Amino acid sequence: MRTVGMLVVVMTTGMAFAQAPAPAPTPARPPAPALDKASDVPDSEKVARSTQALGGMREALRQVLEKVEEARGTKDVVKLNCANEKLTQIKGLLRISEQADVALQEAVSKQEAAPGEHEFTKVMIAQQKVGQLRSAAEECIGQLAFRTDENLFVEVEEPDNLPGGDPTRPAPPPDLVVRPPPASPID
């Protein structure tokens with residue numbers, strides 16, 4: 001009998017949820033150009049997007065170089081190493097992208113679809129990675145940057161109700177009172 005009661009409760013709950021209104025659909029955003037399927041992009045558009053992506057990657061390289069110089073200027077080795085690592089990765093991705101762009105242009109001129117799509121995909125993936133690395137380089141500099149002014153003055157107010165004395169030097173313990181032994185050994 002108890003099983004039947006539980007079954008009724010479960011089914012009733014399920015029916016109530018099934019009749020609930022569907023959530024409002026979220027407005028669809030148009031996909032970013034870098035996320036388009038390579039086969040859906042016309043060849044002339046692939047070349048244009050690839051060239052545009054290379055320009056964006058070169059700009060990111062310039063920005064990260066500025067971050068490296070900023071870290072070098074502050075003489076902060078941790079920031080410098082972090083930014084240098086990102087810079088090296090961006091340089092490698094840019095080199096690969098430039099080679100892929102040349103191969104893409106050759107494939108488009110020969111009207112070869114598969115190699116062109118492959119090279120276009122390489123450039124678009126590299127563009128995304130470079131964007132991530134640029135953000136990471138900014139974090140290298142930003143999170144670790146604690147700038148102080150040479151004329152920085154810190155004023156500390158001590159509350160009046162604090163106990164006195166230096167907590168690192170506690171008062172010596174009170175003297176130990178030793179009772180003399182009893183006068184007679186028998187109590």
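Helices (H or I, at least four residues) and strands (E, at least two) are taken here as DSSP runs and numbered from the N terminus. On that basis, the protein chain comes to four helices and zero strands, and its elements run α-α-α-α from the N terminus on. The structure is a predicted model, in which local features need pLDDT of at least 70 and side-chain atom pairs count only at pLDDT 80 or more, while totals for chains, interfaces and linings use all residues. Residues are numbered from 1 along each chain as its sequence is written, and side-chain values use heavy atoms, with hydrogens and water left out.

We can begin with the chain as a whole. Of its 187 residues, 20% count as buried, where buried means under 20% relative accessible area, exposed over 50%, and partly exposed in between (1.4 Å probe, protein chains only). The protein chain exposes about 14,800 Å², and carbon and sulfur atoms supply 59% of this area; accessible areas come from the Shrake-Rupley method with a 1.4 Å probe, and for residues only the protein chains shown count as cover. With contact meaning heavy atoms within 4.5 Å, 76% of the contacts between residues at least 6 apart in sequence join residues at least 24 apart.

The 32 residues of α2 reach 47 Å from the first C-alpha to the last, close to the 46 Å expected at 1.5 Å a residue; the expected span is 1.5 Å times one less than the number of residues in the helix. Among the buried residues of α2 are Leu54, Met57, Leu61, Val64 and Val68, and the list also includes Lys46 and Arg49.

Most residues other than glycine have a negative phi. Lys75, which follows α2, instead has a positive phi near 60 degrees, and at 73% relative accessibility it counts as exposed. Gln111 sits in the loop between α3 and α4 (113-144). Its phi is also positive, at about 55 degrees, although Gln111 is not a glycine, and this residue is exposed, with a relative accessible area of 70%.

The structure holds one disulfide, defined as a pair of cysteine sulfur atoms within 2.5 Å. This link joins Cys82 to Cys140, with an S to S distance of 1.7 Å. Cys82 lies in helix α3 and Cys140 in helix α4, so the pair ties together parts that are 58 residues apart in sequence. The link of Cys82 and Cys140 is left-handed, with -45 degrees about the S-S bond. Cys140 is buried, at a relative accessible area of 5%.
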